[in-house]
Amino acid sequence: MTNELVIQAENLTKTFGSFTAVDAISFSVRKGEIFGFLGANGAGKTTAMKMLIGISTPSAGKATVAGFDVSSEAEKIKKNIGYMSQKFALYDDLTVKQNITFFGGIYGLSRAQIKLKTAELVEELDLKEVVNQLVGALPLGWKQKISFSVSLLHNPKIVFLDEPTGGVDPITRRQFWEMIYKAANNGTTVFVTTHYMDEAEYCDRVSIMVNGKIEALDSPKNLKTQFGVENMNDVFLKLARG
Amino acid sequence: MKRFIGFIKKEFYHIFRDKRSLFILFGMPIAQILLFGFAITNEINNVDIAVLDHSKDVTTQEIINKISASKYFTIETFIEREADIEAVFKKGKIKAVLNFEKDFGQHLITDGFATVQIITDATDPNTANTISNYTNAILQNYQQEMNKNVKLAYQIVPQTRMVYNPELKGVFMFVPGVMTIILMLVSAMMTSISISREKELGTMEILLVSPLKPLQVIIGKVVPYIFLSIINATVIVVMSIFIFRVPVNGSLFLLALESILFIITSLSLGILISTASATQQTAMMISLMGLMLPTILLSGFIFPITSMPLPLQVISNIIPAKWFIIILKGIMLKGVGISFLWKETLVLLGMTLFLIGLSAKKYKIRLE
Amino acid sequence: MKTIGYIIQKEFRQIFRNKAMLPIIFIMPLFQLIILSNAATFDVKNIKFSYIDHDHSAMSRALIEKFNTSSYFNVITDFPSAALANSAMLSGEVDVILEIPQHFERDLAKDKYAPLGITINAIDGAAAGIENVYISQIIQGFNRNIRPELMQQGQASNLMKSINTIPLFWYNETLNYKTFMVPGILVLLVTMITLFLSGMNIVREKEIGTLEQINVTPIKKSQFIIGKLFPFWVIGLALLSVGLIIAKLIFDVPMLGSLVLMYGYTSVYILVILGIGLFISNFTDTQQQAMFISWFFIVIFILMSGLFTPIESMPKWAQTITDFNPIKYFVQVMRMVMLKGSSLTDIMPQLLKTLAFAVIMNGLAVWSYRKTS
């Protein structure tokens, strides 16, 4: 891990009418880090993330991602990041292979590269059986893994994961985190939102958002010491209850 | 029952939250009635025609003046050669050319008759035919004036009465049609989309596992649209009475009952479409592509059914709109009661029961 | 360019995967073209005619026989009384009642004048007008035929001057409605399919959530829009082609003009419709809304297009509105090129306006498509 900062946010704010969803948050993420972005439902995690990936314009404050400003250089950011949404937004009515081809294609990969990547993924995720099946017919766990791999197709500097493990069993979650580690080891920065506190333990650093504000930011170990509790769950409960 | 009312309330909230759809839902009938009432007519008016006058004498000038004075025609241009006729038609603006023979006036005096060609651009046969008839009428008129002094004996004089619509207003014909089309499409489309939407988003399953019975779910989804359609029907009737002076000669109460019946027929059709479609897109395409043109064309809304080829006349019987248009014209314009309309009413009722039965059966199969 | 290729490939795959939609896109419109073109006729035929004969004379029977032999009338029945005939008209069994008064024959011979009662159901005003013309023609013809028989010698007069009118119906001598309606209905179907599909397309991805995934990719707005448009553009042209074949083979619609011109114009026209569709898609949140708005516009476009009713008959203000109706130009061009063989110079005004619409609508569609909120 280097000290190069790939995400920097300063007083980043988003308001919808009179409602402030994200309230002047500031933080930074180092290259190669697994950064956990925690918070209860509705705390503003997803909104904050959407500003960082350039599909929502900040109301105030500024942020840079991969060295580019989120307000003015959103399109440049998009070349450097991968994103996996809560909805695992693959096309249900295309096969796994067709999804890979499509997303590879619009990220500018060549035919040869796409072919190579597809072969790699089939090998790695053991997709031989399902590669020609419709995504809509696959179990959730499969969709997640494929969706994550697709977000890494173009070797992005940073990958944003929005509650990637919602709704799957602990074994699948475990496997999924192994994939995350592998990506991080290859130098990809991982920015992940979750509300599973056990997953928070796997992160290098976590921030905890409450009502649009970042209330705590440190490594899981330091946070536990700071709040004098045994696990991240208790850290979270303490913060959330105020 | 309380749960059921709560469910209906939820459906109303859904509808009223979506301001844009609501605007269309109520703006549509108003826009269409206004368009039909004021703008759209299959009569002809101010048609651009050209004149090719080989004679250029007093008589042709008089005839040209007569034609020019009528509200039907505007003489747009004079051409000099036969070859120009083709050219002006190809441009598309000129719809007819009057071609007076050489020495027209002279022939009339010496031979007792003279010839004029009425050349029409018959790519639109209806307009061509009408232009031809109207021009002919003007010429006949002129001829009668010329022959003022000659007395005609043994005359049969038809005394024609145009009943139900003495001024031959187009809007009398279109109001029942527009009302039918709107009620049909709005009801069928809205229900089919709203049910298939719940299917697509997965919320239908949640509703079906709730203590509400499947029948209640469907009725609950349909009730708000019955209300909306009734409002639409009321707006249309009120507008046609007060803006276009279309009478309601029969009973308003019967009109209301028949309208509700037709709304329910359309809703049942919507339910049936939703059972057959997995996605909103399919539901919409079936209800729009599948219903719009057949309803407009085969219901007698614009085109008279009696003039269609026999197979189409038979097919038109399965279009619910056809029967409702007959009922509407009967009540509004002819002022008849149920004793004249019981047959049509029974047909609609039968169609409704059939559609409901069929969708109930289809839903059951799906649920088992 | 390559990126666009991937989007196009994906769209085509999705279209052809959806087995429920394929028949709706390809079969239903053509089926409707074949069936409904037969329905769209303003011809007035098979008029439901009935009569009340109070005279029962040779002349009254001869007059009725005239109606009987006319191809326009279906002589349904004779009614003994006006009350029964009126009741039949109320119930819709008859549309025209001819009432021959008592002493019709006698009066005509004696008074040289006899009235005839005619009642026409005029709810369909246009049809009633035409029915009236047919009825008058038959009666006048009958009148002309019997006049010499009734006239006493020496009364004959040939002092009358008459204007001989020869009606000529160019491009469609038999006044065949199908040659007029088939190109129009084809236009309508091509328009509806392309508008509905493109109008729902982007908003569908919005609703499912895949649009967000697209928006975080570096793809350019224009690339995305072009990639989305292209497949529907192809579908539109494919529909046109099959429609033209049907027009030729089944309806024998003449195709006097150049096919290249027709396709060239249609290519531009479909772009307009797709631009409108995408524009609607961008401004709506759900497919339901998109569909409603498309529907609203298509109905107004159809009614104001001159497809079923002539534009020249509309009041000036309404004619001004139709200048902004792309369907109007498509209907005009198809009819002009197919039926009259109009050339590029003839359709230039329509082509230029359509081109302007295409640029404006697609400009708006690209402009209004936001990758960020």
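1. Ground rules. Residues are numbered from 1 along each chain as its sequence is written, and chains are lettered from A and ligands numbered from 1 in the order in which they are written. Since the model is predicted, local features need pLDDT of at least 70 and side-chain atom pairs count only at pLDDT 80 or more, while totals for chains, interfaces and linings use all residues.

2. Which chains touch? Of the 2 pairs of chains in contact, chains B and C share the most contacts (two residues are in contact if their C-beta atoms, placed from the backbone, lie within 7 Å). Chains A and B have no contact joining them, and their closest C-alpha atoms are 12 Å apart.

3. The B–C contact. Chain C gives 100 residues to this contact and chain B gives 100 residues. On the chain C side, elements that each supply at least two residues include β4, α7 (177–208) and α11 (287–303). Helices (H or I, at least four residues) and strands (E, at least two) are DSSP runs, numbered from the N terminus. The largest share of that side, 13 residues, comes from α6(C). By type, the chain C side has 59 nonpolar, 29 polar and 12 charged residues; here Ala, Val, Leu, Ile, Met, Phe, Trp, Tyr, Cys and Pro count as nonpolar, Asp, Glu, Lys and Arg as charged, and the others, Gly among them, as polar.

4. Strands that cross between chains. Strand β5 (residues 155–163) of chain B runs parallel to strand β4 (residues 113–121) of chain C, joined by 9 bridges (strands pair if DSSP finds at least two bridges between them). Within this pairing, B:Arg161 has C:Thr119 as its bridge partner. On chain C itself, strand β3 (residues 96–100) is antiparallel to β4(C), with 4 bridges, and C:Ile97 stands opposite C:Thr119. There is another pairing between the chains: strand β4 (residues 113–121) of chain B and β5(C) are parallel over 9 bridges, with B:Thr120 partnered by C:Phe169.

5. The A–C contact. Here 23 residues come from chain A and 20 residues from chain C. On chain A, α2 (74–80), β6 (81–84) and α3 (96–106) each supply at least two residues of the side touching chain C. That side of chain A divides into 11 nonpolar, 7 polar and 5 charged residues.

6. Chain B and its annotated spans. An unreviewed UniProt entry annotates "transmembrane region" over residues 21–40, 171–195, 222–246, 252–273, 285–304 and 340–360 of chain B; such annotations may be inferred rather than shown by experiment. In the model, residues 21–40 are 95% helix and 0% strand, with end C-alpha atoms 26 Å apart. Residues 252–273 are 100% helix and 0% strand, with end C-alpha atoms 31 Å apart.

7. A helix pair in chain B. How do α10 and α14 of chain B cross? The axes of α10 (residues 252–276) and α14 (residues 320–334) come within 11 Å and cross at roughly 170°, which means α10(B) is roughly antiparallel to α14(B) (over 145 degrees). Among the residues that meet are B:Leu255 and B:Phe262 from α10(B), and B:Phe324 and B:Ile327 from α14(B). The residues of this contact are 7 nonpolar, 1 polar and 1 charged.

8. Domains. Chain B is divided into domain 1 (47–146) and domain 2 (167–367), with bounds from an automatic or database domain assignment. Their centres, taken over C-alpha atoms, are separated by 47 Å.

Key:
Axes are lines fitted to C-alpha atoms, for helices over the stretch in contact, and angles run from 0 to 180 degrees between N-to-C directions. Angles under 35 degrees count as roughly parallel, over 145 as roughly antiparallel, 65 to 115 as roughly perpendicular and the rest as oblique.
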